[in-house]
Amino acid sequence: LFLYLPALLTLAGVPVAGSYTLFATALVFAMGGFYYLFARKIFALKGSLFTACFAMSGHFNYAIFFATGGLGQASAACFAPLILLGIYNMVRENFSKPWILLVAMLCVTFCHTLSLALYGLFLIGVVLVFAKKLMTDASWWKKVGIIFAIYLGMTACYFVPLLEQYASASFLQQIPWAFLSDGASSFLHLIFNDAAFWRRGSAVLFCIGIVAILCACLRVFVKKTDENRRALTAADWLLGVGLGLQVLCLDIFPWEWLDHTPINTIQFPFRLLMISALILPVAIGLVVRELFRAPRIRLPRAVYTVLAIAIVIGSAAYDLFYLPMWNAVDPSPEKLHESIVTGEWLPVYDDIEDLDTYRETFRDKSLYDEEGNEVAYMREAHTVTISWQAEAGKTYTLPLVYYKGYAATDDAGNKLSVSPSSLGKVVVEAETSGMIVVTYEGTAWQDVSAAVTGATICGVTVYLCLQWKKKFLQKNG
């Protein structure tokens, strides 16, 4: 959803590389801001600033934001700190603001589906850890039920069409092109930089940054007392889970056992670093806070600020100098037009012997009749609407990927048959001679799901307005 922002910049005349870089940079700072909002619940100003800076300076985040080109995953990572804020409110503040968790999960949902699955599992894990405290509270169940119902309503416009398309066809995404065992890192690549592994967003310098790791190592110098026992216990658990997930990314783990299981859906072991990069800054912030609480370690606030800024600038300068930038060269419009990347959402209607050859068929932008002759056609700019002069009784294969919801009409406004070819392209049979127009009209389920989402948004808006009016009247008599 948020990728419309760099797309609008590109349409406004900003080069693709420029809009990408601006958007990725904005995501980095937004993530730092969200992390700061969460950290302020736990730390004072100095600790919050340090925690946000640790999150922003993580090498894994820079790889995802700037090297892999995965802006969907990067956008989800930007909003992930709001999940932590929602969890804190749920566990420590009696779920007084359930809308925080709702907004966080909505933002992640409309950014990256795989990230939603991983962050969702993380959220479920946290709930299970605190199950004894949470699930015995009747009000907790009520609030969870309400926000879950609102979540389903607001995401209906996304999940319903997705499931409908899944039910109508198979997709290339269901044929694995990457296996977990191929993406596992060696221990040396976990410690030392390697450009090829950066390109894949792999684990280097323990994902969160060497400065932060050195701070975490200071944990051995902080002794547990009655005052800090709870904080350090939490830090120990978070460090253990965070660093443990990074060890799981290594090739010492038997990932080949999982290559042909549903877990292979995550494609690369380094996806686990999304959770590691999320929780390690909290653990490190707790360690640093307890360390600087020692009577002999007292530094002015200005020193903390300078150090925090230095961490971000130093890490960013190092990473951006070393990373093989995904957007270093602006691709030509022709190259962008032909690019389908791995083609994970291309439909599959026949057995495929060669994936590369199959993908190549979708780079052909010509329209053909049943005899294989190329036919001239017109296409509206930036749309999937195509029109051409057809002959009666002929079948035409269009340069459009078939998804349920395409419609074709002739000069008289009659609906024509639209079906997929064996290679997943739109096929139309002309009943009479004349102009035929093909466009994507959508399906009834898409209309219903959009109506459900619209009704949910309107309902929530009305409720918020009534609540605001009630508080205003109470305040002003």
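## Lys415 and Glu441

In this predicted model, Lys415 and Glu441 form a salt bridge (a side-chain nitrogen of Lys or Arg within 4 Å of a carboxyl oxygen of Asp or Glu), with the closest N and O atoms 3.1 Å apart. The two residues, 26 apart, link distant parts of the chain: Lys415 belongs to strand β9 (residues 415–416), and Glu441 sits in the loop between β12 (434–440) and α19 (444–476). Helices (H or I, at least four residues) and strands (E, at least two) are DSSP runs, numbered from the N terminus. Glu441 has a relative accessible area of 47% and is partly exposed; buried means under 20% relative accessible area, exposed over 50%, and partly exposed in between (1.4 Å probe, protein chains only).

Asp369 is buried, at 8% relative accessibility, and Lys394 is buried at 14%. Together with Glu391, Asp369 and Lys394 are linked in a network of salt bridges.

## Lys224 and Asp236

Lys224 pairs with Asp236 in a salt bridge whose closest N and O atoms are 3.7 Å apart. Lys224 lies in the loop between α13 (210–217) and α14 (229–248), while Asp236 is in helix α14, so the contact ties together parts 12 residues apart in sequence. Both residues are partly exposed: Lys224 has a relative accessible area of 34% and Asp236 one of 29%. In the whole structure, the search finds 6 salt bridges.

## Helix α19

The buried residues of α19 are Gln446, Ser449, Thr453 and Thr456. An α-helix has 3.6 residues a turn, so residues three or four places apart point the same way. Among the elements that cover the buried residues of α19 are α9 (138–168) and β12, where contact means heavy atoms within 4.5 Å.

## Basis of the values

Residues are numbered from 1 along each chain as its sequence is written, and side-chain values use heavy atoms, with hydrogens and water left out. Local features need pLDDT of at least 70 and side-chain atom pairs count only at pLDDT 80 or more, whereas totals for chains, interfaces and linings use all residues.
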